[in-house]
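This report looks at some spaces inside a protein model, at one helix packing and at a few backbone details. Please have the structure open while reading.

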Amino acid sequence: MGQFSLNPISILTHLIEYSIMLRLFFLSLLIIFIWGATVIYRELPQNVVLANGTHLAWQDCTFFDVDLSWEVKTGQWVFCGFLTPANQPAGLSEPLRLPVVWLKRPFWYWGGEFSPMLYLAGGPGGAAYLELGEYWRKWQGNYLDARHDLILFDQRGSGLSQPKISCTEWESSLLAHLDKLSDPAQEAQQIQQIFAECYQHFLAQGIDLSGFNTKESTQDVADLMAAIGGDQWNLYGSSYGTRLALSVVRAHSDKLRSVVFDSVYPPEKNAILALPWLWERLLDNLLSECEIQHHCREAFPDLRVAFAEALARLQFEPFSLLLPLQLQDSEELELMPVMLDAHRFLHVLFYAFYSRDLIVELPAMIEGARQGRSDALMLPASLFFSSLLDGSLNYAVYLSVDCADTDRAIADADVMARQGHFAQEFPVLKQFLDVQWQYHWCHVWPVRDVGAEWRQVVKSEVPGLFLAGQLDPVTPSVWAREAASHFTRGYFFEFAHASHAVLDTEPCAAELLKSFLRDPHQSPDAACVNEARALEFTVLE
């Protein structure tokens with residue numbers, strides 16, 4: 001009778017073979033699944049024509065010779081198209097078209113509700129920078145945990161939208177006058193005249209600039225949401241984007257799941273009337289921040305006096321600077337001669353307050369100006385003048401939107417009454433504010449007013465996250481606090497040492513955003529807000 005014996009080596013060999021085959025089988029299934037998912041995922045959405053005539057058409061990711069090179073790497077997860085609004089501004093050479101980019105969430109997050117994030121750029125007239133694919137990929141991953149689709153688009157007249165409307169004379173004239181100085185009132189009048197001529201140029205072409213305002217953009221946003229579909233939209237707006245977001249909340253709250261407001265610009269606030277108060281607040285913040293920090297107080301024991309003496313010096317002894325500037329359509333920085341007097345210095349100072357990195361340089365900048373050290377002003381001055389010339393803001397759109405939104409029935413007395421103690425203490429600042437009002441650009445840009453009803457406070461039950469920087473020079477935190485108070489689920493967070501566009505600089509703000517998106521009906525944990533980094537002011541060497 002034979003004896004059956006088990007060979008351990010043979011058994012082990014078979015087990016290994018079966019294990020490898022099983023792994024290969026499941027790997028094949030996974031590959032087929034991923035292939036099938038990506039094939040489905042990469043299919044272009046259907047073109048849509050809405051009942052009002054607006055249509056959304058999808059295409060490859062090339063916008064007017066601007067190739068989204070990032071789409072090549074992840075093309076199956078990115079869709080591009082054009083929204084053509086039904087309500088077209090009169091007189092344009094071709095139909096107005098707004099470029100749209102749709103970044104899909106990774107397919108392994110399928111199955112949950114479709115609740116995309118729609119990004120509303122600031123300005124007005126600011127681009128969404130659709131070509132910065134790597135930036136937006138990281139934005140989606142860092143702030144949305146990649147769990148939400150991200151929709152980007154350029155608003156009317158901005159970025160890659162077509163056709164282009166712009167005041168090209170502004171940039172060429174500014175370049176021609178950078179190395180020259182004139183009386184501040186005369187210089188302001190010259191700039192105002194440039195925009196007056198630009199407006200008349202559009203008027204002569206029959207272009208209706210009143211077709212570029214927040215009301216029209218609100219309808220564009222509503223049409224874009226309707227064309228893509230869904231009623232669980234999230235909005236993110238920064239700066240002017242918050243004003244547009246508030247307008248969308250007022251008119252189309254039924255489509256919204258949540259809204260994030262970063263650096264809030266409510267429709268009821270008048271930027272012209274606010275300017276004197278904003279300057280008071282800006283200087284108060286700077287002097288207070290330096291006073292409470294020992295090393296700043298020790299290095300600059302009387303910053304108030306230094307500020308007065310810096311203004312006086314620059315008024316009579318302007319600096320002659322050679323600045324590296326970023327010009328529109330130029331990849332390289334170009335050295336340009338620039339004259340800097342007291343009035344231009346105030347422009348630079350206000351601009352510097354937009355950035356935490358520049359705020360820490362301000363005491364040294366003021367002291368440097370007082371001592372006649374032009375090197376202390378090189379960086380902020382270069383960044384400020386570059387911002388005027390790099391094409392990042394479309395001034396024709398900026399004026400069309402802001403002048404339509406702003407109640408221009410303002411008397412001289414209204415503006416003067418808002419000038420506080422700093423304007424009285426520093427005569428150069430008072431002259432600066434007077435000139436800003438007297439030659440305000442909206443005086444020569446008479447677009448159609450959006451109406452008093454649009455400027456009413458926005459009240460809503462839509463959950464809203466309101467982020468604000470205490471040092472923000474242009475959208476103060478009190479505006480965000482007030483706006484949040486009109487939302488039944490308005491969650492307000494102020495960052496003590498942050499400035500404009502909080503999400504860009506405060507890691508805690510990103511955590512609040514992610515927590516809020518997970519459950520918009522619960523206030524995010526605010527523990528990290530109190531851990532915000534303190535300012536570390538630079539000392540003049």
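Which residues lie nearest the centre of the second largest pocket? Of its 13 lining residues, these are Lys 215, Ser 247, Arg 250, Ala 251 and Trp 454. The model is predicted, with local features needing pLDDT of at least 70 and side-chain atom pairs counting only at pLDDT 80 or more, while totals for chains, interfaces and linings use all residues. Residues are numbered from 1 along each chain as its sequence is written, and side-chain values use heavy atoms, leaving out hydrogens and water.

**Pocket and cavities**

On a 1 Å grid over the protein atoms alone, a pocket is an open set of points with protein on both sides within 12 Å along at least five of seven lines; a cavity is a set where a 1.4 Å probe fits but cannot get out; lining residues have an atom within 4 Å of a point. A volume is the space filled by probe spheres set on the points.

The second largest pocket has a volume of about 210 Å³. Helix H6 (214-228) and helix H7 (240-252) each give at least two residues to its lining; helices are DSSP runs of H or I with at least four residues, and strands are runs of E with at least two, numbered from the N terminus. The lining of this pocket has four nonpolar, five polar and four charged residues. Here Ala, Val, Leu, Ile, Met, Phe, Trp, Tyr, Cys and Pro count as nonpolar, Asp, Glu, Lys and Arg as charged, and the others, Gly among them, as polar.

There are three cavities of 30 Å³ or more. The largest cavity holds about 50 Å³, and its lining includes Leu 283, Arg 304 and Phe 426. Helix H8 (271-292) and helix H10 (303-316) are the elements that give two or more residues to that lining. Eight residues of the lining are nonpolar, none is polar and one is charged.

**Backbone details**

| Cis bond | Omega | Loop of the proline |
|---|---|---|
| Gly 123 and Pro 124 | about -5 degrees | between strand S7 (117-120) and helix H3 (133-144) |
| Gln 162 and Pro 163 | about -5 degrees | between strand S8 (150-153) and helix H4 (168-177) |

Tyr 129 is also in the loop between S7 and H3. Its phi is near 55 degrees, a positive value in a residue other than glycine.
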